[in-house]
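Please look over the sequence and the structure below before reading on. The text after them goes through the model part by part.

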Amino acid sequence: MDTHKIKMIRERLAASSAPVALTGAGVSAESGVPTFRGPGGLWKTYKPEDLATPEAFERDPYLVWEWYNFRREKIASVSPNPAHYALAGLEASKPAFTLITQNVDGLHCLAGSRNVLEIHGSIWALRCTACGNSSENRDVPIEILPRCTCGGLLRPGVVWFGETLPEDTMNAAFEAAEKADFMMVAGTSGVVQPAASLVSVAKRAGAFTVEINTDATPLSDIMDERLEGRAGEILPLIITA
Ligand code: OAD
């Protein structure tokens, strides 16, 4: 690990007045939550069009719920890792910090982060397909097929392929990116929009950008700095050391 680079990035973060972090599945990988696209990634075994689209749910809600039960069970059995705790610590020391995550696992909140913009929703949220009401449910497994008090079928409160992202959450994320003077992008392949575009927004706004990833990504070239390695090892070095 390049200690000089780490020190420089740590100082930039310490001096930042509007830091932002964008996280993806790689941040939860060390907790044991599978990523989507890497080795062992969910989209290597499962087809998103069968499980993570509104059409798939209309066609076979039972199958989709079974898959979400499988993921809920996995997530319920794991704990946050040092990457989540480091980011929670940053919120405590810098109230202006904004944490934007594509993860639906809720591990940032479990680690103590309070203000998390979950732009792809939460696996613990349910939304009624009839009345639109949202609620939280942590049953593992959840009884299939879950019903709303209005009688409507409940669906997972996550964003599926082809769907728009929650408007208020996304507006808050873009606003934070526009104001950012420091952005760290950890554990995301950077191929899913509009999440990935938050990085160019922050760059245009003049933010210093750092990528933390075990591999290069399509975002790597536009970053000011890259730290190649595990988020659970690198984030605590930047944030708390
Ligand atoms: P991906 O699975 O696409 O990418 C995970 C990234 O994390 C890869 O770039 C890996 O190299 C990196 N990685 C793996 N382990 C790591 C570690 N320990 N430390 C640091 N980096 C590590 O996951 P996302 O980019 O989050 O969407 O995927 C984006 C969206 O695509 C997800 O939110 C999901 C999926 O379809 C929805 O569910 C709407």
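Predicted model: local features only at pLDDT ≥ 70, side-chain atom pairs only at ≥ 80, totals over all residues.

Residues are numbered from 1 along each chain as its sequence is written, and side-chain values use heavy atoms, with hydrogens and water left out.

The domain assignment gives domain 1 (3–33 + 81–120 + 167–238) and domain 2 (34–77 + 125–158); such bounds come from an automatic or database domain assignment. Between the C-alpha centres of domain 1 and domain 2 the distance is 26 Å. Eleven residues of domain 1 are in contact with nine residues of domain 2, where contact means heavy atoms within 4.5 Å.

Next come the pockets. A pocket is found on a 1 Å grid over the protein atoms alone, as an open set of points where a 1.4 Å probe fits, with protein on both sides within 12 Å along at least five of seven lines; its lining residues have an atom within 4 Å of a point. Grid points are joined across faces, edges and corners, and the volume is the space filled by probe spheres set on the points.

The largest pocket holds about 1100 Å³ of space. It is lined by 49 residues, and those closest to its centre are Gly-24, Ala-25, Thr-35, Phe-36 and Arg-37. Both domain 1 and domain 2 take part in this lining, with at least three residues from each. At least two lining residues come from each of helix H2 (26–29), helix H3 (42–45), helix H6 (61–76) and strand E8 (208–213). The largest share, five residues, belongs to H6. Helices (H or I, at least four residues) and strands (E, at least two) are DSSP runs, numbered from the N terminus. By residue class, the lining of the largest pocket has 23 nonpolar, 18 polar and eight charged residues. Here Ala, Val, Leu, Ile, Met, Phe, Trp, Tyr, Cys and Pro count as nonpolar, Asp, Glu, Lys and Arg as charged, and the others, Gly among them, as polar.

The second largest pocket holds about 220 Å³ of space. Of its 15 lining residues, Gly-121, Arg-127, Gly-157, Val-158 and Pro-166 are the closest to its centre. Strand E4 (121–128) and strand E6 (154–158) each supply at least two residues of this lining, and E4 gives the most, with five residues. The lining of the second largest pocket divides into five nonpolar, six polar and four charged residues.

How many disulfides does a search of the whole structure find? The search finds zero disulfides, a disulfide being a pair of cysteine sulfur atoms within 2.5 Å. For Cys-128, the nearest cysteine sulfur is that of Cys-150, 3.6 Å away. For Cys-131, the nearest is that of Cys-128, 3.7 Å away. Cys-128 is buried, with a relative accessible area of 4%, whereas Cys-131 is partly exposed, at 45%. Buried means under 20% relative accessible area, exposed over 50%, and partly exposed in between (1.4 Å probe, protein chains only).

Pro-61 counts as buried because its relative accessibility is 18%. Not counting residues up to four places away in sequence, Pro-61 touches Ala-56, Leu-145 and Leu-153. Its C-alpha atom is 8.2 Å from that of Arg-155, 94 residues apart along the chain.

One of these contacts, Leu-145, lies in the loop between strand E5 and E6. The peptide bond from Ile-144 to Leu-145 is cis, with omega near -10 degrees. A cis peptide bond also joins Val-140 and Pro-141, with omega about -5 degrees, and Pro-141 sits in the loop between strand E5 (134–136) and E6.

The last stop is the loop between strand E7 (182–186) and helix H10 (197–204), where Pro-194 lies. Ala-195 lies in the loop between E7 and H10 as well. Pro-194 is partly exposed, with a relative accessible area of 25%, while Ala-195 counts as buried at 1%. Leaving out residues up to four places away in sequence, Pro-194 touches Leu-165, Met-170 and Phe-174, and Ala-195 touches Leu-22, Gln-102 and Ile-119. Ala-195 and Gln-102 are 93 residues apart in sequence and 7.4 Å apart in space, C-alpha to C-alpha.
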